[in-house]
Amino acid sequence: YIHFVDNQGRKLIDTEFKVEKWQRAATALKNAIDTCELAGHQLYTFRPTTSISDTTALKLTLRSAFSEKWNKEVVWGSTHDVGALQKYCMPHLVVNNLGNGTNEICATLKIAEQFYTENGIPIDEDPSWDYENRYDTQKVTDKDKFYLEPGEVTAKLHFNREPRFYATLGFDRSVFEGAGKITDNDKWYLHARKSEISGFRSTGEHIPTGYFIKKLINYETTAGTASNTYNGVRYSFPLVRMSDLYLLYAEALNEANSTPVADVYGYIDKVRERAGLKGVVESWKKSKLANKPNTQEGMREIIHQERLNELACEGVRAGDLRRWKEAMDYLNQPVRGWNYQGETVDSYYTVVTYANRIFKTKDYLWPIKTNSITINSNLVQNPGWE
């Protein structure tokens, strides 16, 4: 944007880096956090009313932090109705669904791969995790019964992942909590291959990538279950929640200091602890890149991925990628998923490219309407949209 000027030649964007901007941002974020905490805002914890495992309770904590109406973690929320959104995300759970839950909104394979291993580090950095063979399949044992259906077969990518992976996404042969079932002895399992209950049944009702977004569905919402009726539990779609503020504060502090200070680790570790993970420094001792948390650059990468995982599917990613100037790399990668037309294990677990996106420099900013420029001659068009 060095050549982006108004019609009098004045620069419209400051192209000089100033660390003071990050310092001001850190101060503002800390003030926001202190104010919110004084008002009673805090990280959410699910309080079960029936006997369930700690694993199931943690998954419902991570999911309901987003989808429980006006819980103490939500700082700002939208009051728009989320009924249609939940319907579009809801998988078919019974044969006679009658359209109440349309299997249409899904997450990409890239998002599934973004989440950490159970050790709290990226899947390609964990030497104990079989990254090279992640698209192969294996049989589920009782060890994974709180996440996957015992005796069934699914991708290796779905084993030994962090709790947020299972709280955010549903997929073939995974447990689906909610819709009337949350106890460990009575649960839904998603069968997502072609002609199966949650799989491809018609052109208008299926997900191509293989990843349902559980996080956007309140666990008490029911759609197309035994009664064949939709009963949506309305919630306030969070625009800002406490974990977002904690991670923003850690990011601002990291950028304001040449080496990470204590609060950089402290605030990111608050979020990780709630997610059932150990702190950054301890977790990265198991990584191939053990020194990563010790540098500003390493922590920048860690914080970015932590935000992508913690706030996945919440509408934050698009803005983050743009302000990090990573959108051209990230959004020009192909949209991939499993083969939804596959009926067998081998045919379904084949990686398919469904779209190739094009993101150019001009896409960092929206165009200004030509009519607006005609009305106000002081306006100039954003770069690339002339």
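Predicted model: local features only at pLDDT ≥ 70, side-chain atom pairs only at ≥ 80, totals over all residues.
Helices here are DSSP runs (H or I, at least four residues). The axes of α6 and α7 (residues 262-274) sit 8 Å apart at an angle of about 155°, the axes being lines fitted to C-alpha atoms over the stretch in contact, with angles from 0 to 180 degrees between N-to-C directions. That makes α6 and α7 roughly antiparallel (over 145 degrees).

A quick housekeeping note: local features need pLDDT of at least 70 and side-chain atom pairs 80 or more, while totals for chains, interfaces and linings use all residues. Numbering starts from 1 along each chain, and side-chain values use heavy atoms, without hydrogens or water.

Now the pockets. A pocket is an open set of points on a 1 Å grid where a 1.4 Å probe fits, with protein on both sides within 12 Å along at least five of seven lines; lining residues have an atom within 4 Å of a point. Volume is the space filled by probe spheres set on the points.

| Largest | about 710 Å³ | 24 residues |

Closest to the centre of the largest pocket are Phe17, Trp22, Arg323, Trp324 and Lys325. Its lining takes two or more residues from each of α1 (19-38), α6 (242-256), α9 (296-310) and α10 (317-323).

How values were computed
Parallel < 35°, antiparallel > 145°, perpendicular 65-115°, else oblique.
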